[in-house]
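Colleague: Could you take me through the aromatic pairs in this one, and then show me what sits around them? I'd like a close look, in plain words.

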Amino acid sequence: MAARKKRRVRGSSSGRPIMALLDLLGRRWTLRIVWELREQPLSSRALRAACDDASPTVLQARLTDLREADLVELVQESGYRLTELGRELFDQFMPLNRFAERWSKRPAN
């Protein structure tokens, strides 16, 4: 795969890969899209419904971003799905998800 050009990243002049990834993941609906595609491919309509009827314009913009980052692909028969790289990213979320589950059940102060 060809090396990616360094692009200016919001909040960072370095263009470091971690900053670029955090910028991408911090965009509205990006994490939710990755989460919703974790189990199966979804059509645009099904993905929009799963994302609480997110704006079609924003949803398509995020899908474009994720496709350009090789994290999501469009398969004509089944819709959008995580690529191998997208699945690897999702697997990295699971420890954070387990932490969030424990954190949400902590006693109130």
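Modeller: By pair I mean Phe, Tyr or Trp rings (for Trp, the six-membered ring) with centres within 6.5 Å; planes under 30 degrees apart are called stacked, over 60 edge-to-face, and the rest tilted. W35 and F90 make a tilted pair, because their planes sit at 50 degrees, with the ring centres 5.5 Å apart. This pair ties together distant parts of the chain, as W35 belongs to helix α2 (residues 30-36) and F90 to helix α5 (residues 84-104), 55 residues apart. Helices here are DSSP runs of H or I with at least four residues, strands are E runs of at least two, and both are numbered from the N terminus.

Before going on, a word on what we're looking at: this is a predicted model, where local features need pLDDT of at least 70 and side-chain atom pairs count only at pLDDT 80 or more, while totals for chains, interfaces and linings use all residues. Residues are numbered from 1 along each chain as its sequence is written, and side-chain values use heavy atoms, with hydrogens and water left out.

W35 has 27% relative accessibility, so it counts as partly exposed, whereas F90 is buried at 7%. The cut-offs are under 20% relative accessible area for buried, over 50% for exposed and partly exposed in between, using a 1.4 Å probe and protein chains only. F90 also pairs with F93, this time edge-to-face, at 6.3 Å centre to centre and 75 degrees between the planes. Those two share helix α5, three residues apart, or about one turn of the helix, and F93 is buried as well as F90. Put together, the ring pairs join W35, F90 and F93 into a cluster.

Now for the surroundings. The largest nonpolar core has 20 residues, and I33, L37, L47, L63, L66 and V72 have the most contacts inside it. Such a core is a set of buried Ala, Val, Leu, Ile, Met, Phe, Trp, Tyr and Cys residues joined through side-chain atoms within 4.5 Å. The elements giving two or more residues to this core are α1, α2, α4, β2 and α5. In soluble globular proteins, nonpolar side chains tend to be buried together. L47, for one, is in contact (heavy atoms within 4.5 Å) with I33, E36, L37, L42, L59 and L63, leaving aside neighbours within four places in sequence.

Helix α1 (residues 17-25) buries D23, L24 and L25, and their cover includes α2, α4 (56-68) and α5. In α4 you'll find R62, which is buried, with a relative accessible area of 15%. The side chains of R62 and D65 are joined by a polar contact of 3.1 Å; that term takes N or O atoms within 3.5 Å, and within protein one must be able to donate a hydrogen and the other to accept it, with residues adjacent in sequence counting only if both atoms are side-chain atoms. Beyond neighbours within four places in sequence, R62 is in contact with R27, R28, W29, T30 and I33.

As for the overall layout, the protein chain runs α-α-α-α-β-β-α along the sequence. Of its 109 residues, 30% count as buried.
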